[in-house]
Amino acid sequence: MGAPFLALLLFLGTMLVLPQPSLGATRYYTFNVTMQQVTRLCTTRAIPTVNGQFPGPKIVTREGDRVVVKVVNNVKDNVTIHWHGVRQMRTGWSDGPAYVTQCPIQTGQSFVYNFTITGQRGTLLWHAHVSWMRATLYGPIVILPKRGVPYPFPVKPYKEVPIIFGEWFNADPEAIIAQALRTGAGPNVSDAFTINGLPGPLYNCSSKDTFKLKVLPGKWYLLRLINAALNDELFFSIANHTLTVVDVDAAYVKPFHTDVVLITPGQTTNVLLRAEPDAGCPAATHLMLARPYGTGQPGTFDNTTVAAVLEYAPPGHIKALPLFRPSLPALNDTAFTANYSARLRSLATPDYPAAVPRRVDRSFFFAVGLGTNPCPANQTCQGPNGSKFTASMNNVSFAMPTTALLQAHYDNLAGVYTADFPAAPLQPFNYTGTPPNNTNVSNGTKVVVLQYNTSVEVVLQGTSILGAESHPLHLHGYDFFVVGQGFGNYDPSKDPAKFNLEDPVQRNTVGVPSGGWVAIRFFADNPGVWFMHCHLEVHTSWGLKMAWVVNDGPLPEQKLMPPPPDLP
């Protein structure tokens, strides 16, 4: 029996095992991860890409479709791909985070990801999920409604356009984070932001590397905004144009108008744009700008601005036309971010209900923020007071295992993790006030175990240890409802009375306000092991992460599917 025939049997076996049956189409993709020479900012370097593209290819699917992606690793680094925001109902083996749901795909190996899009429509993203490989390995996931089902907003877009934000590093991001972890210092920041892989005219040597969105007057466009940046939340605006927000994280929202969109790493936002030239200047260049919302210390984030161009026909040279530039909030405008977030509400209609848990079976309080680890003996460290930077949830900095957590759970392997992640800080303190003198954290591979269909409430409390910062927290395998948020310390006696249980926004990634808190609720209706972490990659590298283990339910359709035969 030849090797090609064995490979075919393995591929067919994977098709049979996963996922649960779909009533939609099956869409097949092949992702070849290869090195590609790319030039930005007059710097050329070899970067990991999918199929030689940067950003990577677009996945287009519909609600109810099955998606099958064969990923082949042809680079020297380990690779996994995470389908960010996809619910992965019972198909946790295809979720993608390294050493959580799988071991990485090693050089020369492949793995077939196989999942069904269930109850989602809008925009998501895919990206690598090992170390900082997602700096260049990312792309859009476009989820159309089921065939024959219209969008729930009154206009039909003339065209749909993904707008994906990223970060460009002149140096190798893997070397940057390796050095930071070795020295204990903060990592070097990126050299530019990009829109659809291009830095645009505000950066050195980049006027020709500018994304241009060509539009026709009077037409409606659906812009699918995706923040794939490593470490920065972003403000986005288009000069002289109002945007209408209609969808976030592949869930419809009550439409609202805004001049500025806030989008954290891992979040997506669909906006409607009506193309209508400025009344006094039909032929003009309207800049599309994005720059960070930065709450960390100066120098800890890239504070530059990326530009693209909204171009009306007939096209003209940028410098030859009147130039309109939008105004963006200040870098640290936390009041804007709070007001913007409060405007996001679920559609909450009979067709798209907001199934918010009204009762809570288990409550959790997670203090999230930075901390320190002592410098090892015989080493000089460059973190605070000669220590090493770290980050934690409830003072536990998560230690990544060498055996995938899902495999350990499925096979009941001992010694890989412990089920004692604290439900609240073991030593409460004034979280947003004067920080404690001892900023050291503990380390461990600790998880929370939930029974199937438990209703869960988590209050995510930001801390001021080493400075108050916003933290975009992402939960794998689930959407959740953002039922409340506020500044200062969460007050369990007063704040729950203000929770929105009627139409809270449904998300998979939420920003914990700088110097504040956010409360989320969800039903644990998806068996498996699910990662929860800060989507600022530097904080994930420092340990701001944990995992939920959700046990099987009693019925066959409530149980995790078996692992695929080609699982790494």
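Cysteine 42 is exposed, because its relative accessibility of 56% is over the 50% cut-off. In this predicted model, cysteine 42 forms a disulfide with cysteine 205, at an S to S distance of 1.6 Å. Cysteine 205 is partly exposed, at 41% relative accessibility. Cysteine 42 sits in the loop between strands E1 (26-40) and E2 (43-50), and cysteine 205 in the loop between E10 (192-195) and E11 (212-215); the bond therefore ties together parts 163 residues apart in sequence.

The structure contains two disulfides. The other bond links cysteine 375 to cysteine 381, with an S to S distance of 2.1 Å. This link is right-handed, with 80° about the S-S bond. Cysteine 375 is partly exposed at 24% relative accessibility, whereas cysteine 381 is buried at 9%. In sequence order, the bonded cysteines pair 1-2, 3-4. Elsewhere, cysteine 103 is partly exposed, with a relative accessible area of 25%. Cysteine 534 is buried, at 0%.

The largest nonpolar core comprises 96 residues. Within this core, Leu223, Phe366, Leu460 and Trp548 touch the most other members. Strand E19 (residues 306-312) supplies the largest share, six residues. A second, separate core has 41 residues, among them Ile81, Trp126, Ile143 and Leu405. Beyond residues up to four places away in sequence, the contacts of tryptophan 548 include Phe364, Phe366, Val448, Leu450, Trp530 and Met532.

Strands E14 (residues 243-248) and E15 (residues 251-258) pair in the antiparallel sense, over five bridges. Aspartate 247 stands opposite tyrosine 252 of E15. Two residues lie between the strands of this hairpin, where aspartate 249 adopts a positive phi near 50°.

Definitions and conventions: Residues numbered from 1 in each chain as written. Predicted model: local features only at pLDDT ≥ 70, side-chain atom pairs only at ≥ 80, totals over all residues. Heavy atoms only, no water. Pairing = 2+ DSSP bridges. Helix = DSSP H or I, 4+ residues; strand = E, 2+ residues; numbered from the N terminus. Core = buried A, V, L, I, M, F, W, Y, C linked by side-chain atoms within 4.5 Å. Buried < 20%, exposed > 50% of the residue type's maximum accessible area, 1.4 Å probe, protein only. Contact = heavy atoms within 4.5 Å. Disulfide = S-S within 2.5 Å.
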